[in-house]
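Hi everyone, thanks for coming. Let's take a look at the picture together before I say anything about it.

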Amino acid sequence: MNLVFLGPPGSGKGTQAVKLTKEKGLTHLSTGDLLRAAIKNGSELGKKAEGYMKKGELVPDELIVGLIENEITGNEILNGFILDGFPRTINQAEKLKEMLANNKVVLDKSILFDIDDDEIVKRLSGRWYCPKCNASYNYPAKMPKVEGHCDFDNAQLKRRPDDKEDVVRNRLEIYKRQTKPLEDYYRKESILVAIDAKQSPDEVFQSLINLLNGLN
Ligand code: AP5
């Protein structure tokens, strides 16, 4: 099962990818997580990407494609994966197609997380994460047991710099301009399916399971 999760920022792609990889034994590849790790490690890639990410803009395709190529080529990810946050431009989608064809792998579905802007702004202004284990929380939908601390390791929770409202609005604009065209791209390939991402996390997960069971 090889999947692309497509959808605007805050639509729940990461939350569902973590759950679904556990349930189905897939590999979760999030370009956002890889870039944030690169920034944390102070690598060349991180230094180049940081400015774009802070403003909510896309990191240039050549950096992203190189990153994905490293992860994909000859890796066990090809036994089944969820790509979360990649591709984000038509050019990236074309490069992905090429990489998968070279490895004789087929993309099964591109799953669109359908949601409106107001819900996104609300979710992202309530998002907190654990810098140690990456667990994600949301006020008030998914509160930690002890306010401000991670349930798993008690670390102090943090906010993402790109979750400030003006940056979120910019990310939404960029999504509409540069990433939304992928909906048509995958529709034409007959692999686009949409799920209602406004439901509760458990309901979204159940929708995904129903969808994937229907594919088997
Ligand atoms: P990335 O990290 O990929 O961010 P994103 O796509 O903007 O997605 P988010 O992580 O914000 O949201 P999500 O859909 O995963 O939602 P989540 O599950 O966290 O990218 C960050 C940046 O990196 C980009 O802006 C760009 O600069 C760069 N980048 C990355 N990939 C790139 C690429 N391919 N090309 C170029 N640049 C790239 O949920 C959000 C919140 O809502 C959480 O708090 C969660 O707990 C809560 N929540 C989730 N589901 C529900 C629900 N059903 N109900 C209520 N709350 C919910």
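Okay, one term before we start: a polar contact is a pair of N or O atoms within 3.5 Å; within protein, one must be able to donate a hydrogen and the other to accept it, and residues adjacent in sequence count only if both atoms are side-chain atoms. What you see is a predicted model, where local features need pLDDT of at least 70, side-chain atom pairs count only at pLDDT 80 or more, and totals for chains, interfaces and linings use all residues. Residues are numbered from 1 along each chain as its sequence is written, and side-chain values use heavy atoms, with hydrogens and water left out.

So, the ligand. A backbone N or O atom of Gly14 sits 2.8 Å from one of the ligand's oxygen atoms. For Glu57, a backbone N or O atom is 2.6 Å from a ligand oxygen. Arg123 uses a polar side-chain atom, 3.3 Å from a ligand nitrogen.

Now two helices, meaning DSSP runs of H or I with at least four residues, numbered from the N terminus. How do H2 and H4 cross? The axes of H2 (residues 31-41) and H4 (residues 61-72) come within 11 Å and cross at roughly 100°; axes are lines fitted to C-alpha atoms over the stretch in contact, with angles from 0 to 180 degrees between N-to-C directions. That makes H2 roughly perpendicular to H4, a label for angles of 65 to 115 degrees. Thr31, Leu34 and Leu35 of H2 touch Ile64, Leu67, Ile68 and Glu71 of H4, where contact means heavy atoms within 4.5 Å.

Technical notes:
Angles under 35 degrees count as roughly parallel, over 145 as roughly antiparallel, 65 to 115 as roughly perpendicular and the rest as oblique.
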